[in-house]
Amino acid sequence: MNVPSNLKYTKSDEWFDPSSGAVGISDFAQSQLSDIVFVEILVEEGEEVTVGKAIASVESVKASAEIYAPVAGKVSAVNKGLPDKPEILNSDPFGEGWMIKIEGSAGSEMMDAAAYEQDCAGRAH
Amino acid sequence: MPTILEPTIFELSSPGRTGVTMPASDVPHTDLPNENLLRSDLPLPELAEVDVVRHYMKLSKFNYSVDDGFYPLGSCTMKYNPKINEDTCRLPGFLYTHPLQPIETVQGNLVLMFELQEWLKEISGFAGMTLQPAAGAHGEFTGVLMMAAYHKSRGDSKRTKMLIPDAAHGTNPASAGMLGMSVVTIPSDARGNVDLKALAAACDDTVVGMMVTNPNTLGMFDEHMEEVIKLVKDCGGLMYGDGANLNALLGIVRPGDLGFDVMHFNLHKTFSVPHGGGGPGSGPVGVSQRLVDFLPSPLVGIVEEADENTAPLYGFVTPKNSIGRMKAFHGHFGGGLVRAYTYISMHGPDGLKDISQYAVLNANYLQAKLRGTYTIPYDRICMHEFVAEGQFAGSDVRALDIAKRLMDYNFHPPTNYFPLIVHEALMIEPTETENKDTLDRFADALIKIAEEAKTQPELLHDAPHITPFGRMDEVKAARELVLCCWLPENYETLT
């Protein structure tokens with residue numbers, strides 16, 4: 001499982017890049033969902049989001065999931081090409097699979113890579 | 001490209017072929033009112049009757065149904081549907097009537113609907129009943145509308161939250177969401193019950209109510225049902241029961257007696273209406289006394305009482321604060337109501353109780369046979385279904401592989417990947433209509449498949465092997481949607 005150390009993570013499997021503001025879903029999340037076939041981004045550039053607001057909806061052949069804003073702030077960019085290539089969330093969740101960028105900073109409830117890895121291990125079964 | 005086993009009806013078409021010859025017109029010819037309203041470019045298939053019959057006969061042989069074999073599709077209650085239902089729903093008096101006929105000419109239909117309303121009330125312990133909703137989720141929507149109307153009628157406008165356990169049916173949050181309510185998910189505890197602490201924390205004066213599927217999607221009867229209901233009612237909320245799993249409760253527990261305010265039935269599950277592939281459903285809704293005035297209109301009622309010389313006159317009545325009409329006519333009459341009426345009258349009260357007891361016995365028998373081979377994460381006495389994990393330590397075999405391999409043993413796969421709270425879920429509901437031999441054969445197949453998962457995993461990965469088509473590419477099917485069978489010639493210019 002890939003868990004980049006420069007990112008912050010939530011219990012609901014979103015990642016946040018403090019340097020770029022990018023948000024996405026983790027490698028663990030994409031592997032749990034399996035093949036992702038649909039993604040819709042629910043917020044627009046310029047919109048203010050609060051922590052926990054649904055920012056995207058993702059569907060795989062197994063399940064559908066809402067993706068929540070890990071930090072509060074203004075949406076500065078949206079990955080507009082993503083809905084046309086949902087499979088990128090499987091192949092490159094931390095790179096090309098970014099969903100939106102938020103001008104905000106990680107709260108203390110967000111986990112670092114080591115803590116997140118431990119959290120995932122506790123849930124894997 | 002896979003082999004095409006049978007072309008589509010459009011591909012079989014040949015210009016000029018015809019199945020029927022229209023008789024010569026016996027009415028005077030008149031000009032069409034407006035030629036522009038007609039189009040001549042519809043590519044309707046042209047075939048002889050025999051070719052049409054053979055085409056669909058061939059397709060039907062690729063199918064698998066409850067009439068072919070065991071169909072343990074969890075949560076769907078795929079019981080065998082008695083064929084007598086097919087006779088009754090085709091009786092000419094039912095078949096050749098129209099919903100807009102004068103009530104005096106359809107008294108038989110109205111009596112059937114009235115009695116069905118009364119029977120469903122008796123079975124569920126509710127005070128009022130509508131037969132209108134077309135299916136389960138439509139019933140949920142109807143029920144939630146009534147809950148909202150109830151609060152509104154009391155001037156209680158700040159209730160916007162619907163509480164829904166994570167072991168509920170997926171339609172529950174969708175129904176609440178359709179009405180603009182916000183959904184608060186309540187987790188399950190380690191025994192598969194609603195987590196009472198989490199529920200207590202969520203209960204406040206903004207709660208519309210709670211939607212509970214009981215038995216839940218783990219096949220568990222909530223051990224704290226009364227506490228759950230009390231918590232919700234103490235904060236002014238209403239209790240919605242998802243009756244999709246009623247097949248476990250007939251003649252044993254009445255949701256109305258437990259304190260539920262609303263519940264929808266799935267006549268197509270519990271009361272033997274053939275279903276699958278999208279229809280036909282039938283989702284009557286029962287309500288407690290405090291909601292009877294909000295029921296949809298019209299309901300079937302007695303509009304003139306009987307006297308010494310005449311029978312009562314059945315007709316339509318409108319509840320005082322009705323939420324209005326939920327369907328153009330009166331529900332799925334022949335498809336759902338006549339079949340369900342037949343089934344209930346055929347079994348009677350004791351027979352209905354037997355149905356549930358055998359459904360629960362069959363599920364527990366299968367669970368006991370599979371325990372030890374498959375992990376049962378919520379392992380206690382189940383109701384009409386149970387959920388196993390379709391994965392083994394050290395193996396890359398998944399629930400989907402096991403499900404597909406079951407087809408090679410001539411069984412329909414169980415529901416997989418639901419509920420979401422179980423990893424690699426296999427949700428198994430045998431129903432009461434299967435005998436012990438069938439259950440044994442199914443358990444043996446699953447045990448053999450578990451062995452194959454260790455010794456020949458490729459057998460599972462490539463399954464099914466004996467069906468007309470092998471493993472379908474579900475990912476490709478979902479990513480590359482083809483929503484029509486042909487494109488108009490000028491499609492490019494249209495888009």
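Helix axes here are lines fitted to C-alpha atoms over the stretch in contact, and angles run from 0 to 180 degrees between N-to-C directions. Helices (H or I, at least four residues) and strands (E, at least two) are DSSP runs, numbered from the N terminus.

## Basis of the model

This is a predicted model, in which local features need pLDDT of at least 70 and side-chain atom pairs count only at pLDDT 80 or more, while totals for chains, interfaces and linings use all residues. Residues are numbered from 1 along each chain as its sequence is written, and chains are lettered from A and ligands numbered from 1 in the order in which they are written.

## Helices H5 and H6 of chain B

In chain B, helix H5 (residues 136-153) and helix H6 (residues 171-178) have axes that come within 9 Å and cross at roughly 45°. H5(B) and H6(B) are therefore oblique to each other; angles under 35 degrees count as roughly parallel, over 145 as roughly antiparallel, 65 to 115 as roughly perpendicular and the rest as oblique. Their crossing is right-handed, meaning that the near helix is turned clockwise from the far one by less than a right angle, whereas anticlockwise gives left-handed.

Residues are in contact if their C-beta atoms, placed from the backbone, lie within 7 Å. On the H5(B) side the contact includes Glu140(B) and Phe141(B), and on the H6(B) side Ala174(B) and Met178(B). The residues of this contact divide into six nonpolar, four polar and one charged. Ala, Val, Leu, Ile, Met, Phe, Trp, Tyr, Cys and Pro count as nonpolar, Asp, Glu, Lys and Arg as charged, and the others, Gly among them, as polar.

## Helices H4 and H11 of chain B

Helix H4 (residues 107-124) and helix H11 (residues 333-370), both of chain B, cross at roughly 60°, with axes that come within 10 Å. That angle makes H4(B) oblique to H11(B). The crossing of H4(B) past H11(B) is left-handed.

Among the residues that meet are Leu112(B) and Trp119(B) from H4(B), and Phe333(B) and Tyr341(B) from H11(B). The contact of H4(B) with H11(B) has ten nonpolar residues, one polar and no charged.

## A sheet in each chain

Two strands pair if DSSP finds at least two bridges between them. Chain A has an open sheet of three strands in the order S4-S6-S7, with antiparallel pairing. Strand S4 (36-41) and strand S7 (64-68) of chain A are the edge strands, each pairing on one side only. From one strand to the next the twist averages 20°. Strand S6 (residues 54-60) of chain A is joined to S7(A) by five bridges, and Glu59(A) has Ser64(A) as its bridge partner in S7(A).

In chain B, three strands make an open antiparallel sheet in the order S10-S12-S11. Its edges are strand S10 (386-389) and strand S11 (415-416) of chain B. Four bridges pair S10(B) with strand S12 (residues 425-428) of chain B. Helix H12 (residues 399-408) of chain B packs on this sheet, touching S11 and S12 of chain B, and its direction makes about 40° with that of S12(B).

## Ser297 and the chain contact

Ser297(B) lies in the loop between strand S7 (285-287) and strand S8 (299-304) of chain B. Ser297(B) counts as partly exposed because it has 16 C-beta neighbours inside 10 Å; 20 or more would be buried and 12 or fewer exposed. Thr318(B) and Arg325(B) are among the residues that Ser297(B) touches, not counting those up to four places away in sequence.

Chain A and chain B each give seven residues to the contact. On the side of chain A that touches chain B, four residues are nonpolar, one is polar and two are charged.

How values were computed
Contact = placed C-beta atoms within 7 Å.
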